[in-house]
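Please have the sequence at hand while reading.

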Amino acid sequence: MAKRGRLTTVHGTIETPVFMNVGTAAAIKGGVSTDDLRQIKTQVELSNTYHLHVRPGDEVVKKLGGLHKFMNWDRPILTDSGGFQVFSLSALRKIKEEGVEFHSHLDGSKHVFTPESVMKTEEDLGADIIMAFDECCPYPSTYEYTKNSMERTTRWAKRCKEAHKTENQALFGIIQGGFFEDLRKKSVEDLIALDLPGYAIGGISVGEPKEEFLKMLYYTAPLMPKDKPRYLMGVGTPDYLIEAA
C-alpha cells in the first residue's frame, strides 16, 4: 500500500506519492515548456544545483528573480545539492572535510562546494525544497569507505542546518550508508536527531542490481519518520517508481 501524504509549500501543495519532472538546468529536455508541464498536471519540478552553478550561475538566476521567474514556473521546485554530480566527476574533484574542490565539466574552471556555500547557492536559486550537501558513495564501496562517507554526510548536514537561514525553504537531509544496514540505521538516527522538515534516501539506484536496490529500500524506509516527507533520489523508471511507492 502506498504511503499518501500532502506537502504544503508557498507555491502550492504536493500530493504524494509523486514523480518530480527533472529540469536539470531549469528546463525539461526535449523542448517541453512550463505550459506543457501545467497541462500534464506536474506538481513539482526538480532542478540541479551543480549545473545551474556552473551555467548560468546561481547569482545570475537570483538577479533574474530566482528559479520560479527564471523558468516561468509558479509551482513548487526542489533543488538537489549537486552532491551526486560533483562526486560523479571522480577525475575532476578532491573530497576534504571542509568540502569538495572540483573542476567544471564545461570549461575546467575551479570551484569549491561546502555545506555553507551550497546553502547560499540553493537560497539564491529560491526553490521550495532544498537538499543538504552529501557525499554519494560509488558502487561498490568498502565498509570503511562507506562508513567514513556516511559520517561526513551527517556532519555536513549539521553544517547545512546551521547555515540555512531562509524561511519558506524546507531543508531535507539525505540518508547514506551504501549497502550496509547498520550504516543506514545509524545515518537515519543521526539525521532524525537534527529534526529536519523531510528526509531523502540517497546512495541507491547508483548502478547496483535491482535486488540490492529493493533490499536496501525496504530496509531503510520503515526506519524513517512516519510524519515527514520521504524522497527517494535517483529513480525514474516505471518499475522502480511502482516498487518505491
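In which loop is S205 found? S205 sits in the loop between strand 11 (198-201) and helix 9 (210-220). The model is predicted, and the points below concern cis peptide bonds and positive phi angles in residues other than glycine.

**Positive phi angles**

- S205 is not a glycine, yet its phi is positive, near 60°.
- The relative accessible area of S205 is 24%. Because partly exposed covers the range between under 20% (buried) and over 50% (exposed), S205 counts as partly exposed.
- N72, also not a glycine, has a positive phi of about 55°.
- The loop that holds N72 runs between helix 4 (67-70) and strand 5 (77-79).
- N72 has a relative accessibility of 49%, so it is classed as partly exposed; the exposed class begins over 50%.

**Cis peptide bonds**

- The peptide bond that leads from T16 to P17 is cis, and its omega is near 5°.
- P17 belongs to the loop between strand 2 (12-16) and strand 3 (21-22).
- Y139 and P140 are joined by a cis peptide bond with omega about -5°.
- P140 is placed in the loop between strand 9 (129-131) and helix 7 (143-163).

**Loop positions in brief**

- Both prolines that follow a cis bond, P17 and P140, lie in loops.
- The positive-phi residues N72 and S205 are also found in loops.

Technical notes
Residues are numbered from 1 along each chain as its sequence is written. This is a predicted model: local features need pLDDT of at least 70, side-chain atom pairs count only at pLDDT 80 or more; totals for chains, interfaces and linings use all residues. Side-chain values use heavy atoms; hydrogens and water are left out. Helices (H or I, at least four residues) and strands (E, at least two) are DSSP runs, numbered from the N terminus. Buried means under 20% relative accessible area, exposed over 50%, partly exposed in between (1.4 Å probe, protein chains only).
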